[in-house]
Each structure stands twice: as C-alpha cells, then as structure tokens.
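Open the model in your viewer and keep the selection tool at hand.

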Amino acid sequence: MIKLRHFLAEVFGVIRTLLADDSAKSTMIVGILIYSVLYPQPYVGEVLRDVPVVVIDQDKSTASRTLVREMDVTDLVDVTMSAPDMETARDAFYRRDVYGIVVIPAGFEADILASRPAPVAAYSDGSYLLIYSNVMRAVATVAGTMGAQVNYARLTAQGIDDSTARTMLSPVTVTNVSVFNPQGGYASYVIPAAFVLILQQTLLMGIGLLHAGRKPPAGRRLWATIAAYFGLYMIWVAFTQMLIPYLYSIPRTGDLVTLFLIAVPFICACIAMGFAIAMAIPWREGVVFFLVVIGMPLFFLSGISWPVEMIPDHLRTISLLVPSSTAISAFVAVDQMGATAQDVAKAIQTQIVLVVVYSALAVALSRLPHNRR
Amino acid sequence: MLVPLPLILFLMLAVIFAPGLPRDLPVAVVDLDGSTMSRQIVRMADAAADVEVVEQLASLSEARQALVAQRAYAILMIPAGMEHDLLLGQKPEVVVFSNSQFLTAGGIVGRSLSTTVSTFSAGVSLRLLEAQGIGTDRALDLITPIPVQASPLFNPSLDYIQFLLSAIMPTVMQIFICATAVLSFSREHHSPNGMPRLQRIARSPTRAILGKLLPYTFVGTFVLLLGDVVLFRFFGASFRGNIFVFFLNGFMFILACQAMGALIALIAKDTTGALGMMGLIVAPSFGFAGVSFPRFGMTLFSQIWGVIIPLTPYLQLRTDQTLRGAPLEYSLSTMAWLFAQLVVFSSLLWLMTRKTMAQTPVVIENITAEPQESKT
C-alpha cells in the first residue's frame with residue numbers, strides 16, 4: 001500500500017515535471033486543446049452544398065427553364081449566373097465565380113417533343129473532386145428525372161399501360177445506401193481519423209521534448225513516467241474519440257471496451273516509440289522538426305483517404321512500423337463502424353509487436369554513450 | 001539531413017499515389033437469387049476496372065462483418081427472386097451498401113456498382129422495348145432521353161496525382177520551409193546575446209534577415225523544383241501555364257513561408273516553443289487551403305484563417321498554372337494576395353528583428369556558441 005502511494009507520488013512528480021516544461025505542456029496539453037478547436041473548422045459544414053454554377057441556355061424554352069429550375073432546387077448546386085456563350089462562362093469559371101458550366105443546346109425542347117435524344121453538357125473542375133462530383137450528380141439526377149417523365153409520357157401515349165411503361169423504363173431499381181456515415185459528411189470522415197494521428201504526434205513530440213538528450217529515467221521513475229504519460233493520453237483518447245465527436249455532432253457507435261482494447265496498445269506503442277526516438281535523436285529541436293514535417297504524409301499511409309490496397313506492398317510493410325498506420329483505421333472501425341475486438345485483432349497485434357520492438361530499441365539505444373551522461 | 005527529408009517524403013508520397021486512380025477495390029456480393037441474371041450482374045460488376053468482387057457471402061450480416069473488418073468497401077445485394085420478379089415486371093430492388101466512412105474508396109465502389117446495375121437494367125429495358133416492336137435505335141434513344149455529356153475540365157481522368165499529390169507536396173514543403181526558418185532564426189534569438197551578436201555581424205536588420213534565410217531559400221527552391229520535375233516529367237502531370245510565372249509563384253511562396261516561420265521564431269519564447277507554435281499554425285493548413293473541402297463551403301472563420309496562410313493562394317495559383325492553364329490576367333489577383341502576405345510577413349519580421357537586435361547585450365558568464373537548451 002505504501003509502495004503504491006510512493007509510486008503515485010512519483011507519477012504526480014512526472015506530471016509536475018511535464019507541466020513545468022513549457023514546450024512539453026504546450027505540446028501535450030495546450031496543443032491538443034487548440035487543435036480540437038482549430039482542426040475541424042474547415043470541415044464543420046460536413047457536406048458540400050450549393051456549388052455555384054453558370055448555365056448557358058441556348059434554347060430558352062419551357063423545358064430548358066424547367067431543367068435549370070430543378071437544378072437550382074437541389075442542394076448540390078446553385079445556379080448563380082446565366083451566360084450567353086461559352087466565352088462568358090469560361091471567364092466566370094477562371095475567376096472562380098462559378099465551378100461548373102451547364103450547356104443546354106438550342107433545340108432542346110424541340111428534340112424532346114420530337115422524341116429525339118436531347119443532350120445537355122456539363123463541365124466541372126476535375127481539379128477539385130468534391131466540387132466535380134456535386135455538379136455532375138446534380139445534372140445527372142435532374143436530367144434522369146426529367147427524362148423518365150418524358151419517356152413515361154411517350155410510352156403511355158403509345159397506348160402502353162401505366163405499370164408496364166414504368167417497368168419497361170427501369171426494370172430494376174438500384175438503391176445506394178451509405179453505411180456508417182450516412183450523409184457522407186466530410187467532418188465525420190476526417191476528424192475521428194486525424195485525431196488519432198494528432199495523439200500519436202503530440203505524444204512522440206512530448207516525449208522527445210522531455211527526454212531527448214537527457215539521461216533516461218530508470219527504475220521506479222521509469223515506470224512512473226510511463227504510467228503518467230499513459231494516464232494522460234488515455235484521458236486524451238476519451239476526449240478526442242468521445243467528446244470531440246459529440247461536440248461536432250459526428251455520429252459514433254463505438255463500444256467502450258473495444259475502444260480500450262485498441263487504445264491501450266496504441267498508446268503504449270507510441271510511448272515506446274517516443275522513447276526510442278528520444279534516445280536516437282539527442283537533440284530536442286531535431287525531434288520536433290522531424291515529427292512536425294512527417295506528420296501529414298503519415299496520414300496518407302493510414303488508408304483513410306487513399307485505399308491501402310493501392311499502396312505498394314513494401315511501402316505498406318515499412319509503414320507498419322508507425323503505430324498510426326494501422327491504428328487510425330482500427331479506431332475508425334471501432335468508433336464509427338462498431339467493429340468488435342475480433343475485427344481489429346490484426347491492428348491490435350501489430351501495436352503489441354511495436355510495443356515490444358520499440359521498447360527493446362529504446363533500451364538498446366539508451367546504452368549509447370550520449371544517453372549515459 | 002535537411003534536403004533528404006523532404007525528398008524522401010516526396011518519394012514516399014509519389015509511390016503512394018503512383019497508380020493515379022484506385023483500381024480493383026475489394027467488394028463483396030450477397031447473391032440471394034443465384035439466377036442466370038444475378039450471376040450476370042456479378043460478372044459485370046467484377047469486369048469494371050475500379051471494382052473487384054473478392055467474396056460471395058450468404059447473408060447480409062456476414063456482409064456487414066466484411067464491411068466492418070474492411071475486407072470490402074461495398075456490398076452488392078441481389079434479393080431472392082430477382083430474376084423471377086424482373087420477368088413478371090415487378091421491379092426488383094438491388095441494393096448497394098457502400099462504406100462512406102472511407103469517403104474516397106466507398107464513393108468509387110458505390111458509384112461503380114450502381115452504374116453496373118443501371119447498365120444491366122438498361123439492357124433489360126432495351127430488350128423489353130424491342131419486344132414491343134420498337135426498333136433498337138429508337139429503343140436506345142428512349143432509354144436515355146436526356147443524355148448528359150459530363151466533362152471534367154482540366155483533369156479528364158480525375159487523376160489523384162493531379163488533384164492530391166500536386167497539392168500535398170507544397171503542403172509538406174510549407175511545413176519544411178517554415179521549420180527551417182524557425183530553426184535558423186531561433187539559433188540567434190534564443191541563445192544568450194544572439195541577437196546583439198547578429199547586430200554586430202550584419203549591422204542592419206535587412207542584411208541579418210537575408211543572411212539567415214537566403215541559404216534556405218535556395219534549398220527550398222531546389223527541393224520544390226525537384227518535386228515538380230518528378231510530378232511533371234515522371235508522372236506526366238499536365239502543365240498548361242507559363243514556366244516563368246509558375247516559378248515566380250513558387251519563389252514568392254517560399255519567401256512568404258520563410259518570413260512567416262522566422263516571425264514565429266522571434267515571437268516565441270524558445271526554439272521548441274517556436275516549432276510547436278509553427279506546427280499548430282501550419283500543420284492544419286491543408287484543410288484550410290480548400291483543395292479537399294472547398295473554401296466557399298467553409299465557415300467565415302475558416303475562410304479568414306485560410307487567407308493568412310501562404311499555402312492557400314499558392315495552391316490556387318498552382319491549379320491556375322498547371323491544370324487550368326488560366327491566362328495570366330486571372331491569376332494576377334491571387335498573385336497580389338500571395339505578394340501581400342510576403343510583404344506583411346517580411347515587414348513584421350523586419351520590425352521584430354530590428355527591435356530584438358537593438359537589445360543591449362547582457363553580460364552572462366557562460367556564453368555558449370550554440371543554443372544548448374537541450375542539455376539543460
């Protein structure tokens with residue numbers, strides 16, 4: 001009992017050391033708080049709405065006006081301008097006043113009435129994929145609905161009965177259901193994942209700031225140090241994985257025990273890696289510099305924004321050395337998709353292997369002459 | 001250490017995005033019908049370039065498990081009696097469940113599977129209309145009365161190299177350049193009497209700033225150019241602009257980043273504090289720059305925050321000069337914006353440098369040549 005009390009006193013001693021170091025405090029505490037306010041800001045809108053588009057209506061008929069109105073009504077785009085010709089439209093496009101151009105050629109209505117195909121053209125900016133997809137979905141949906149109405153009228157006019165006409169035009173119904181992130185929200189997609197990386201990077205940096213170029217803690221102090229960082233970061237796990245989604249209304253379905261099962265080995269792997277880096281680079285500024293620069297590229301190894309299947313095998317294998325490469329998608333699976341421990345077993349195993357590897361490495365490196373002073 | 005790090009990162013990013021477009025992403029099928037027609041749909045789905053059917057599962061609960069365990073990005077569910085219902089004209093419903101938590105992959109496979117089913121449906125429709133005595137050509141016209149000619153301007157294949165890699169490289173460079181500027185200025189600012197010594201050596205703030213930053217300007221320009229050579233030569237990313245203007249933008253971008261980094265170094269209390277502050281400001285800038293989620297869809301705060309980060313105008317200028325090939329006149333206002341950032345950051349830096357250089361030297365016993373906070 002007394003031993004435990006001594007140990008706890010030691011743990012609080014470590015926390016006091018951490019709070020006394022301005023850089024470590026601003027990285028491991030203040031930094032995460034600032035990030036939790038700042039980082040989600042660009043994405044709080046969740047879904048992209050009302051992309052401004054310009055329409056070139058060369059037909060100026062009832063049908064063409066209906067098409068334009070229907071497009072404007074959708075959430076996806078906003079018809080902010082109408083242009084007489086491509087020249088004017090292109091000018092608005094280059095100025096970034098609009099991000100899409102819809103052309104309704106002359107003869108649109110006449111073609112429909114004569115039962116000829118009445119094509120429309122849509123141009124959007126392939127350099128911004130989210131914008132492109134909005135514009136194309138808007139045009140395709142509206143053209144599809146209008147086309148179906150036109151067709152239905154044509155077939156029933158030929159004496160085909162109502163239900164047969166419907167069946168003929170679309171014999172199979174396709175329904176697309178988005179699961180886990182039903183509205184396809186951008187914040188729901190990027191924030192839970194990004195904060196796993198933020199936890200890893202700040203923890204690695206903090207350990208670097210507190211231990212690089214210094215004599216590593218030993219004995220009870222070492223275990224107290226590990227316990228202190230572990231405790232602090234388990235609080236941050238709860239904060240970033242539960243409170244932040246709540247604050248930004250991001251749906252989460254995760255089960256606490258499973259979250260714990262992935263969070264514990266992940267935080268341990270980060271602590272071990274942090275000590276290994278601190279022992280390897282005996283220069284505080286160097287550690288921070290290195291970690292700040294590699295942060296963003298690490299995100300693209302996680303499989304969240306770019307599928308892991310597309311990453312070449314050897315790079316994927318090397319990337320397993322960084323805890324976030326497997327942990328990010330495991331956290332997301334648990335929190336956002338309701339995965340069980342079994343579903344993320346491989347990621348948990350990888351984290352445990354990393355704990356062992358980096359602990360051994362840190363111990364080995366601590367015997368280097370520069371760490372023994 | 002300085003030059004290899006961004007180059008290694010560039011190389012790694014290039015390897016990640018080398019395929020350009022995701023292909024053969026895994027999907028699973030729940031075919032409860034097991035008919036000739038349902039097998040035809042599955043074959044058609046598998047034949048699409050972006051999708052590969054990796055599993056046939058017996059139930060939806062197994063399918064859900066496959067989604068959660070990330071063995072598949074989407075499920076194609078064909079209901080029992082699909083063929084039978086179809087022949088009776090009862091409009092069977094085929095459902096595509098796509099994992100939108102993985103927005104890119106889930107979106108691609110979801111769209112691909114829906115297109116496959118629609119194509120199949122159109123095929124059936126065509127046969128039904130022909131059976132009604134409507135000729136093939138007429139029937140084809142009937143299926144899509146208002147065809148949409150969709151054209152992605154500038155990036156016709158919707159390639160991720162052009163869209164993402166081309167934007168990520170400058171983002172990594174911005175962090176790298178700011179960090180080197182922080183380190184080079186902190187060396188003086190955060191060592192005892194460093195700034196007065198700088199005063200003795202350089203004599204004027206302008207010369208001090210140039211002397212500190214210029215070497216890294218060359219390093220930064222060289223690395224940025226090297227990255228672009230890889231992008232445009234090796235990956236054949238399109239370049240439709242003016243090389244001189246493109247280079248000028250890159251140069252202004254590097255200078256603006258350096259001025260911003262150095263300014264942070266002079267404001268912060270110590271070197272690691274400066275690096276931390278720099279990280280907080282610069283690291284999230286990719287989101288604010290509006291490449292992934294566009295700026296016009298953001299809150300006012302995010303739009304304003306984006307305005308002060310050099311990456312935002314630079315990425316716009318890059319798009320103008322590479323993909324869009326916009327005539328120069330359209331880029332002028334954005335260039336003025338980047339230039340204004342450069343002017344503001346440099347002036348503040350000049351003022352801060354002059355102020356700190358003017359400090360009277362403090363006599364300390366153990367003046368060290370290098371900042372050695374790490375050893376304290």
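Which residues do ring pairs link into a cluster? Select A:Y39, A:Y43, A:Y186, A:Y189, A:F195 and B:F293: ring pairs join these into a cluster. Rings of Phe, Tyr and Trp (its six-membered ring) pair if their centres lie within 6.5 Å; planes under 30 degrees apart are called stacked, over 60 edge-to-face, and the rest tilted.

Before going on, note that this is a predicted model, in which local features need pLDDT of at least 70 and side-chain atom pairs count only at pLDDT 80 or more, while totals for chains, interfaces and linings use all residues. Residues are numbered from 1 along each chain as its sequence is written, chains are lettered from A and ligands numbered from 1 in the order in which they are written, and side-chain values use heavy atoms, with hydrogens and water left out.

**Ring pairs**

Over all chains, the count is 25 aromatic pairs. For one of them, select A:Y99 and A:Y128, an edge-to-face pair with 6.3 Å centre to centre and 90 degrees between the planes. This pair links distant parts of the chain, 29 residues apart: A:Y99 is in the loop between α4 (86–94) and β3 (100–104) of chain A, and A:Y128 is in the loop between β4 (120–125) and α6 (129–157) of chain A. Helices (H or I, at least four residues) and strands (E, at least two) are DSSP runs, numbered from the N terminus. Both A:Y99 and A:Y128 are buried, that is, under 20% relative accessible area, where exposed is over 50% and partly exposed is in between (1.4 Å probe, protein chains only).

Next, select A:R166 and A:Y152. A:R166 lies over the face of A:Y152, 4.8 Å from the ring centre; the rule asks for NZ of Lys or CZ of Arg within 6 Å of the ring centre and within 35 degrees of the ring normal.

**Domains**

Colour chain A by domain: domain 1 is 2–44 + 185–371 and domain 2 is 51–169, with bounds from an automatic or database domain assignment. Taken over C-alpha atoms, the centres of domain 1 and domain 2 of chain A are 49 Å apart.

**Between the chains**

Show chain A and chain B together. The contact (heavy atoms within 4.5 Å) takes 116 residues from chain A and 120 residues from chain B. Finally, select B:K269 and A:D22, whose side chains meet in a salt bridge at 2.9 Å, N to O. Such a bridge is a side-chain nitrogen of Lys or Arg within 4 Å of a carboxyl oxygen of Asp or Glu, and the interface of chain A and chain B has 3 salt bridges.
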